[in-house]
Amino acid sequence: MSTSLKPSLRSVPARAFENFDLGMFATLAVVLTLLDGGLAFGIDAIVSVVLRLVLIAIAFGLFQLAIEAVRWWHYELTLEEESLVVRSGILRPKRRTIPVSRIQQSTVSTTTVSRLFGLAALECETAGNPDEPDLSVRYLERADADDLQRRIGSVTEVDTTSSEPPARHRVFTLRPRELALYGVARTHPKTILLAVLAWVGANYFEPDAITDLQTIVITALENLLPLSPAVMLVLVVLAGWLLGVGLAIERMGNFRLSAGEGSFRRRHGFVRTTDADVSSDRIQLARVRSNPLHRLLGLAQADVGTAGISEPSPFGLQWPLAPLARRDVAWELLERAVGVDRSAVELQRLPTRARRRYAVRYALGVVVLAAGTALVQQVVPATRAIPLPLFVPLLVLSPLAAHVTWTHRGYALLDDHVVARRGFWTRRTYVVPTDTIQNLTVSQSPFQRRIGLVTVRLDVASMPFLPGVPLPDVDESVGGRLQHRLLEDDAEEDTIETTGEPAR
């Protein structure tokens, strides 16, 4: 039995309002100001610009309403027994079929605008499209979005024919202390870069039309804060970092994680709320990570990865179990997610010859860098300010750096999981179920061959943009054991599919 569903009619004004391009109107404001000769012409020029912008905004708003109304008319979502069928398109109609069994995860989210209209967005992801969700419906009634999420279920082990939602209980809540630390302990490079670019633009790009206003503002700031450009840059970086802290806290505020029979659901966000659901059998790998501040306080982050990736930052695991929690709580969540027994995880260190390899590598790197600097100084006199003796302490510290790298790497080969740890500043411990490994690569450089080491790479479907989970500089026997285990698992699966019984 199939069920047809269209987005709510209220989604037309909601989408039109959200698609309103404020950046375009900021550009128009500047252009119209230039055409009117700048702000020096007084209040008449300002009124003229505002009136033009209002008329353009009304015309553009009506155009957007018309476009969204036509899109709404041509959009239809049909939930069939085993698939989702989406019909959309105006000039080029298209029909997309998504098997429900291929859906890795589903998310119900709201924004400030959608909440004003009482609506929510539904997104579903498969492993087929790493750039964007395979299904994105903006917007449905909140009750319809929740019901559709449950029915298409990334929760495959739950009876989706039942009218009752699957039973879940809360397993983790992010407390205010951890939420604040989560925001503060991050670097936030994007907002810092935007703040610096804005500061550079305000100081070095001065259109004539806004020079008078810019001069007034800068003069006022200089009178209030008679600071040097270097100090102002530090303040700008600090402002960008604080903005990033605020955005991170807003994104993960009210974080709650619930678990049911073979599934997880997370809810978080102050302004833009997210309600995401994932089935345990879709999880490809799990990770615990921490920086020095986290480790000092006994905290860690826990997240998992599925085959569907469409988050803004695709180079990581996109499904958090705990943005920040006590280390033992983070591992308990991983145990629930991928079935790993933490008590059985005893990480083995790399062979000591790997430490010697790191020391030689770092020392050679310092020597090459010093030689390159000396050559550049012969051509670029400005670089002579870099003293060559500076590289001497770096060379002396190479063995220490090698030891630190060596101590922060390790691995464990369990019956059903492979555990790999690496990283000094941000320590990452990956837990990979062996049945999710898509392929395994064993490589050996000429330097590794001399000392009997190899690098093993485990490729899983949830990391299509990254070179898998690495186990660098392990003994050659480890690579052979992993390859043998992977082949054994494949042979056992083939036997079960053929005979219905496990191999003996």
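Analyst: A polar contact is a pair of N or O atoms within 3.5 Å, where one must be able to donate a hydrogen and the other to accept it. Keep in mind that this is a predicted model.

User: What makes the backbone oxygen of Val338 and the side chain of His417 a polar contact?

Analyst: The distance does. A polar atom of the His417 side chain lies 2.7 Å from the backbone oxygen of Val338. The cut-off is 3.5 Å, so the pair qualifies.

User: Why is His417 called buried?

Analyst: Its relative accessibility is 7%. Buried means under 20%, so His417 counts as buried.

User: Which residues does His417 touch, not counting those up to four places away in sequence?

Analyst: The list is Val338, Gly339, Val340, Ala412, Val431, Val432, Pro433, Thr434 and Arg485. Contact here means heavy atoms within 4.5 Å.

User: Where is His417 found, and how do you know that its strand pairs with β18?

Analyst: His417 is found in strand β17, residues 417–422. Six bridges join β17 to β18. Pairing needs at least two, so these strands pair. They run antiparallel. Arg421, for instance, has Thr429 of β18 as its bridge partner. β17 and β18 form a hairpin with four residues between them. Gly423, in the turn, has a positive phi of about 100°.

User: What makes β18 mostly covered, and which other strand is joined to β18 by five bridges?

Analyst: Five of the seven residues in β18 (residues 427–433) are buried. The other strand is β12, residues 285–290. Ala286 has Val431 of β18 as its bridge partner.

User: Why are β1 and β4 called edge strands?

Analyst: They belong to an open sheet of four strands, ordered β1-β2-β3-β4, with antiparallel pairing. β1 (3–5) and β4 (94–99) each have a single partner strand, so one side of each is left without a neighbour in the sheet. From one strand to the next, the twist averages 20°.

User: How do you know that β2 and β3 pair, and which helix packs on the sheet?

Analyst: Four bridges join β2 (residues 76–79) to β3 (residues 83–88). Leu79 has Leu84 in β3 as its bridge partner. The helix is α5, residues 142–152, touching β1, β2 and β3. The direction of α5 makes about 40° with that of β2.

Methods: Residues are numbered from 1 along each chain as its sequence is written. This is a predicted model: local features need pLDDT of at least 70, side-chain atom pairs count only at pLDDT 80 or more; totals for chains, interfaces and linings use all residues. Side-chain values use heavy atoms; hydrogens and water are left out. Buried means under 20% relative accessible area, exposed over 50%, partly exposed in between (1.4 Å probe, protein chains only). Axes are lines fitted to C-alpha atoms, for helices over the stretch in contact, and angles run from 0 to 180 degrees between N-to-C directions.
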